[in-house]
Amino acid sequence: MMRRRSIPQNQDLTIEAIQEHNTLHVQPQALQRRRPSVAYSLDSNNAPNFLHRNSLRRNSLRAVQFSMALRKHSVAKTELPKPKVENTYKLGPDQWGKFRQHQVENVIKNVFEVHLKDSQYDSEKSGSLACELSAEIKTRVKALEFKRYRIVVNVILGQNKEQGVEVSSRCLWDANTDNFTSYSYHNSSIFATGMVYGVYFE
């Protein structure tokens, strides 16, 4: 059983007095089993200010609910209605918007000449170099703004030892709208072949 003693009325209510009273007159096991139902804090005069834990919990819960309500209100206020877009019913690109082979070929040529002009073949770095070249070619081709076209880029790198190399590909597409272009480059150490496919998306 836990023994309790009241604090004498003539004793000042200070933090040290309360802690000393609890240490002397409350058993350690009881301290572990029970949680005090009253919390205290210091006011401006350095005197204990007693607060019930239930009131603290209610106040904190109200603060959380109020902040959540404000957040929902701000989010709902900033959301804009989505515009409604009508169907175009277009099954093919405009005449001026088709995949233009000569422009894409110039893009591949410029990228290869800039990055491979003085490059030496390295078997460990050729894979990452091919990925970088294909990514840059794809970015530049997308800048040409072929609307509703899906762009696919394939770059092949190899060591130049004056050997014969043949690269071929097959695609299933619409010959009226889809197209591709390729360009090959080589120096004394490396060869590269870039292929770009433009597939129209209905």
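Q: Why does Tyr197 count as buried?
A: In this predicted model, Tyr197 has 9% relative accessibility. Buried means under 20%, so Tyr197 counts as buried.

Q: Why is the pair of Phe180 and Tyr197 called stacked?
A: The ring centres of Phe180 and Tyr197 are 5.8 Å apart, with the planes at 25°. Rings pair within 6.5 Å, and planes under 30 degrees apart count as stacked. The pair is therefore stacked.

Q: What makes this pair a link between distant parts of the chain?
A: Phe180 sits in strand β4 and Tyr197 in strand β5, 17 residues apart.

Q: Why is Phe180 called partly exposed?
A: Its relative accessible area is 33%.

Q: How many aromatic pairs does the count come to?
A: The count is 8 aromatic pairs.

Q: Why is the pair of Trp173 and Tyr197 called tilted?
A: The centres of the two rings are 6.4 Å apart and the planes stand at 55°. Stacked needs under 30 degrees and edge-to-face over 60. The Trp173 and Tyr197 pair is therefore tilted.

Q: What does the pair of Trp173 and Tyr197 tie together?
A: Trp173 lies in the loop between β3 and β4, and Tyr197 in strand β5, so the pair ties together parts 24 residues apart in sequence.

Q: Why does Glu162 count as exposed?
A: Glu162 has 78% relative accessibility. Exposed means over 50%, so Glu162 counts as exposed.

Methods
Residues are numbered from 1 along each chain as its sequence is written. This is a predicted model: local features need pLDDT of at least 70, side-chain atom pairs count only at pLDDT 80 or more; totals for chains, interfaces and linings use all residues. Side-chain values use heavy atoms; hydrogens and water are left out. Buried means under 20% relative accessible area, exposed over 50%, partly exposed in between (1.4 Å probe, protein chains only). Rings of Phe, Tyr and Trp (its six-membered ring) pair if their centres lie within 6.5 Å; planes under 30 degrees apart count as stacked, over 60 as edge-to-face and the rest as tilted. Helices (H or I, at least four residues) and strands (E, at least two) are DSSP runs, numbered from the N terminus.
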